[in-house]
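Morning, everyone. Let me put the next model on the screen. I'll keep this brief.

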Amino acid sequence: MESLSPEPRRKLWRGIKGLSRGKGDIKQLEGRLAPYWRLRVERMRVIFDQRSEKGERRLVCFFAEHRATVYSVLEQLLASGLIEELKIARSQSRGNP
């Protein structure tokens with residue numbers, strides 16, 4: 001996001017903040033990407049995961065990129081196992097088994 005100019009960056013942040021209120025162009029992905037969701041903010045896509053932890057809704061936005069590349073890069077990250085490693089590391093840092 002740091003590479004974006006100020007206005008697109010502001011729009012992206014507003015879109016991400018709106019997720020907590022269920023606002024925005026949100027869609028569950030399909031196929032191998034089905035566990036994840038996307039938020040569309042103009043030409044950008046934010047990939048996120050949502051789950052319930054201790055009765056609270058948790059949204060984890062972990063990837064944002066232009067639509068032209070976001071899905072192919074996400075598939076590569078899934079195939080490499082990097083996303084699973086990040087989930088495990090995050091879980092361990094919170095003291096979860």
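Is Arg58 buried, partly exposed or exposed? Arg58 counts as partly exposed, at 32% relative accessibility. For the cut-offs, buried means under 20% relative accessible area, exposed means over 50%, and partly exposed is in between (1.4 Å probe, protein chains only).

Some ground rules. This is a predicted model, where local features need pLDDT of at least 70, side-chain atom pairs count only at pLDDT 80 or more, and totals for chains, interfaces and linings use all residues. Residues are numbered from 1 along each chain as its sequence is written, and side-chain values use heavy atoms, with hydrogens and water left out.

Back to Arg58. Its salt-bridge partner is Glu53, with the closest N and O atoms 3.8 Å apart. The criterion is a side-chain nitrogen of Lys or Arg within 4 Å of a carboxyl oxygen of Asp or Glu. Glu53 counts as buried, at 19%.

The structure holds eight salt bridges. Another one joins Lys11 and Glu42, at 2.8 Å, N to O. Lys11 sits in helix H1 and Glu42 in the loop between E2 and E3, so this pair ties together parts 31 residues apart in sequence. Helices (H or I, at least four residues) and strands (E, at least two) are DSSP runs, numbered from the N terminus. Glu42 is exposed, at 56%. Lys11 is partly exposed, at 29%.

Now the sheet. Four strands form an open sheet, ordered E1-E2-E3-E4, with antiparallel pairing. Pairing takes at least two DSSP bridges between two strands. E1 and E4 are at the edges with a single partner strand each, so one side of each lacks a neighbour in the sheet. E3 and E4 pair over ten bridges.
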